[in-house]
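Q: Hi, could you walk me through this chain? I'd like the overall layout, then a few residues up close.

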Amino acid sequence: MRFIAQHPYIKVSRQIKWTEQKIIEEELSLILYEDRIETQFHVHYLRDVWDVSYKSTSAGTGLLYLHTRSGVNAFYVKQNPSQFIDHFIKIKASL
């Protein structure tokens, strides 16, 4: 199935070796299909996603939130996801 929209998010992890700590940022994607939103780790079916929202920070980055039946999932983003959210709203309205 062809995807409708895609938006990058950042997975941040820490790696500690002896006396050194490294912060590792990995760019991944949220992918919106007609019936679901996929990440590298989860599939969220649209019937279980109530809303998608965005909160920007003063640094120009922000958090994209998926409000789902099982809770809220936050994704660290460096770009405004307004187009991704608009596509989600259009698809959700047609369900």
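What follows is a chat about the structure shown above.

Q: Before we start, what kind of model is this, and how are residues numbered?
A: This is a predicted model, where local features need pLDDT of at least 70, side-chain atom pairs count only at pLDDT 80 or more, and totals for chains, interfaces and linings use all residues. Residues are numbered from 1 along each chain as its sequence is written, and side-chain values use heavy atoms, with hydrogens and water left out.

Q: Thanks! How many helices and strands does the chain have?
A: The chain has 1 helix and 7 strands. Helices (H or I, at least four residues) and strands (E, at least two) are DSSP runs, numbered from the N terminus.

Q: And in what order do the elements run?
A: From the N terminus the order is β-β-β-β-β-β-β-α.

Q: What are the overall dimensions?
A: The C-alpha trace spans about 55 × 30 × 25 Å along its principal axes.

Q: How much of the chain is buried?
A: Of its 95 residues, 31% count as buried. Buried means under 20% relative accessible area, exposed over 50%, and partly exposed in between (1.4 Å probe, protein chains only).

Q: What about the surface?
A: The chain exposes about 6600 Å², and carbon and sulfur atoms supply 49% of that. Those areas come from the Shrake-Rupley method with a 1.4 Å probe; for residues, only the protein chains shown count as cover.

Q: Let's go to the strands. How many bridges join β1 to β2?
A: 13 bridges join β1 (residues 5-17) to β2, and the two run antiparallel. Two strands pair if DSSP finds at least two bridges between them.

Q: Which residue in β2 is the bridge partner of H7?
A: That would be L30.

Q: What does W18 do in that hairpin?
A: The hairpin of β1 and β2 has 2 residues between the strands, and W18 takes a positive phi near 50° there.

Q: And how do β5 and β6 run?
A: They run antiparallel, joined by 7 bridges. Their hairpin has 5 residues between the strands, and G60 takes a positive phi near 90° in it.

Q: Tell me about T68, then. Buried or exposed?
A: T68 is buried, with a relative accessible area of 9%. It lies in strand β6 (residues 62-68).

Q: What does T68 touch?
A: Setting aside residues up to four places away in sequence, T68 touches H44, D48, V49, W50 and N73. Contact means heavy atoms within 4.5 Å. A polar atom of the T68 side chain also lies 2.6 Å from the backbone oxygen of G71.

Q: There's another threonine, T39. Where is that one?
A: T39 is in the loop between β3 (36-38) and β4 (43-45).

Q: Why does T39 count as buried?
A: T39 counts as buried because its relative accessibility is 11%.

Q: Which atom lies 3.1 Å from its side chain?
A: The backbone nitrogen of F41 lies 3.1 Å from a polar atom of the side chain of T39. Not counting residues up to four places away in sequence, T39 touches Y9, S29, L30 and F75.

Q: Now the helix. How long is α1?
A: Helix α1 (residues 82-94) has 13 residues and reaches 19 Å from its first C-alpha to its last, close to the 18 Å expected at 1.5 Å a residue. The expected span is 1.5 Å times one less than the number of residues.

Q: Which of its residues are buried?
A: They are F84, I85, F88 and I91. Seen down the axis of α1, the buried residues fall within an arc of 130°, so they line one face of the helix. The arc is that of the directions from the helix axis to the C-beta atoms.

Q: What covers them?
A: The cover includes β1, β2, β3, β5 (49-56) and β6.

Q: And which exposed residues sit on the face turned away?
A: That face of α1 carries the exposed residues Q83, K90, A93 and S94.

Q: Last one: how far is E27 from F88?
A: E27 and F88 are 61 residues apart in sequence and 21 Å apart in space, C-alpha to C-alpha. E27 is in strand β2 (residues 20-32), and at 59% relative accessibility E27 counts as exposed.

Key
A polar contact is a pair of N or O atoms within 3.5 Å; within protein, one must be able to donate a hydrogen and the other to accept it, and residues adjacent in sequence count only if both atoms are side-chain atoms.
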